[in-house]
Amino acid sequence: MSSESSSVSLQSLEEPEFWENRRQVFDQLWARQEEERLRKAAEKIPIQVVLPSGNTVEGIAFETTPLDVAKSISNSLAKRCIVAQVNNVPWDLTRPLEESCTLELLDFQSELGRHVFWHSSAHIFGQAMELIYKCNLCSGHPIEEGGFFYEGFMGERTVREADFPVLEKAVQEFTKNSQPFQRLTLTKEEILEMFKDNPFKVEMLTEKVPEGGTATVYRCGNLFDPC
C-alpha cells in the first residue's frame with residue numbers, strides 16, 4: 001500500500017479468493033436455517049415477553065424479535081438499543097424469540113451494550129483487513145477500557161501509517177451501508193469447511209468445538225467470523 005492509499009477506490013480492490021467459498025457455505029446453510037425457522041413461525045405460537053417494568057408484550061415464537069418489541073415501545077428506544085438480554089442471556093436484536101421470556105433492552109450505557117458495540121466494530125474492521133490485505137484473521141476482541149483490536153497474519157507484510165486512510169475509508173463505507181449481522185448455527189464439520197483456508201481459525205475451531213457439537217458464525221457483509 002503506497003502513500004497514496006487514501007485515493008484507492010475500494011471497488012477497484014479484488015476480493016480475497018476465500019470470500020467466495022465462505023459465501024457459498026454460509027448461504028446454503030442460512031437457507032436451511034431460515035426454512036426451519038419459518039416452519040416454526042408458521043405455527044403462530046403466542047408468547048409473553050416480560051419487560052423489566054413488569055409490563056408484558058405479546059409476540060409470536062420464532063417471529064417476534066427484541067427489535068420489534070423495542071419499536072412497539074418507541075422508535076427512539078429502537079434506535080438506541082445495541083443488544084438484548086433474554087432470560088439473562090445475551091441476544092441479538094434481530095434474532096427471533098423462541099418462547100415466553102423476560103427481555104431487557106440495552107444501550108451503550110450498559111456494560112454489555114458497550115462490549116457488543118466494540119465487538120461488532122472489530123468484525124467490521126476485520127472485513128476491511130481481509131479486503132485490503134487478503135490476510136488470515138487470527139483473533140479480534142473488544143478492549144475492556146473501550147475500543148477493539150483484530151490480529152491478522154500477512155506474512156512479511158506489515159501495516160503502515162500510510163494504510164490508515166484506506167482502512168478508515170473501508171470501515172466508513174461498510175458502516176454507511178448498514179450491513180446486517182446474521183447469526184448462523186452450524187456443525188463442527190461445516191464450520192471447518194467454511195474456514196478451511198485459514199489455518200489459525202481451523203486450529204482454534206478444532207480445539208474449541210467438541211466433536212458432534214455446534215458453533216456459531218456471524219456474517220457482516222463479506223466478513224464471516226466464529227463467535
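This is a predicted model: local features need pLDDT of at least 70, side-chain atom pairs count only at pLDDT 80 or more; totals for chains, interfaces and linings use all residues.

Student: OK. How do S8 and S9 pair, and over how many bridges?
Tutor: Strand S8, residues 181-187, pairs with S9 in the antiparallel sense, over 7 bridges.

Student: How many residues sit between S9 and S10 in the hairpin?
Tutor: There are 2 residues between them. Gly221 is in that turn, and its phi is positive, about 65°.

Student: What else is Gly221 in contact with?
Tutor: Gln179 is in contact with Gly221, and also with Gln127, Phe174 and Cys220, leaving aside the neighbours of Gln179 within four places in sequence.

Student: Where is Gln179?
Tutor: Gln179 is in the loop between helix H5 (164-176) and S8.

Student: Why does Gln179 count as buried?
Tutor: Its relative accessible area is 18%, and buried means under 20%.

Student: Change of topic, helices. At what angle do H1 and H4 pack?
Tutor: Helix H1 (residues 18-41) and helix H4 (residues 111-133) pack at about 135°, and their axes are 11 Å apart. That angle makes H1 oblique to H4.

Student: Which residues make the contact?
Tutor: From H1 they are Phe18, Trp19 and Arg22, and from H4 they are Gln127, Glu130 and Leu131. By type, the contact has 3 nonpolar residues, 1 polar and 2 charged.

Student: What do Arg22 and Glu130 form?
Tutor: A salt bridge, with the closest N and O atoms 3.1 Å apart. The pair links distant parts of the chain, since Arg22 is in helix H1 and Glu130 is in helix H4, 108 residues apart.

Student: Are those two buried or exposed?
Tutor: Both Arg22 and Glu130 are buried.

Student: How many salt bridges does the structure hold?
Tutor: It holds 15. One of them joins Arg23 to Glu20, with 2.8 Å between the closest N and O atoms.

Student: Where do Arg23 and Glu20 lie?
Tutor: Both lie in helix H1, 3 residues apart, which is about one turn of the helix. Arg23 is buried, because its relative accessible area is 16% and the cut-off for buried is under 20%. Glu20 is partly exposed, with a relative accessible area of 38%.

Student: What does Asp107 form a salt bridge with?
Tutor: With Arg80, and the closest N and O atoms are 3.3 Å apart. This pair also links distant parts of the chain: Asp107 is in the loop between strand S5 (101-106) and H4, while Arg80 is in helix H3 (residues 75-80), 27 residues apart.

Student: Last one. Which residues are linked in a network of salt bridges?
Tutor: Glu36, Arg39, Lys40 and Glu43 are linked that way.

Terms used
Residues are numbered from 1 along each chain as its sequence is written. Side-chain values use heavy atoms; hydrogens and water are left out. Axes are lines fitted to C-alpha atoms, for helices over the stretch in contact, and angles run from 0 to 180 degrees between N-to-C directions. Helices (H or I, at least four residues) and strands (E, at least two) are DSSP runs, numbered from the N terminus. Angles under 35 degrees count as roughly parallel, over 145 as roughly antiparallel, 65 to 115 as roughly perpendicular and the rest as oblique. Contact means heavy atoms within 4.5 Å. Ala, Val, Leu, Ile, Met, Phe, Trp, Tyr, Cys and Pro count as nonpolar, Asp, Glu, Lys and Arg as charged, and the others, Gly among them, as polar. Two strands pair if DSSP finds at least two bridges between them. A salt bridge is a side-chain nitrogen of Lys or Arg within 4 Å of a carboxyl oxygen of Asp or Glu. Buried means under 20% relative accessible area, exposed over 50%, partly exposed in between (1.4 Å probe, protein chains only).
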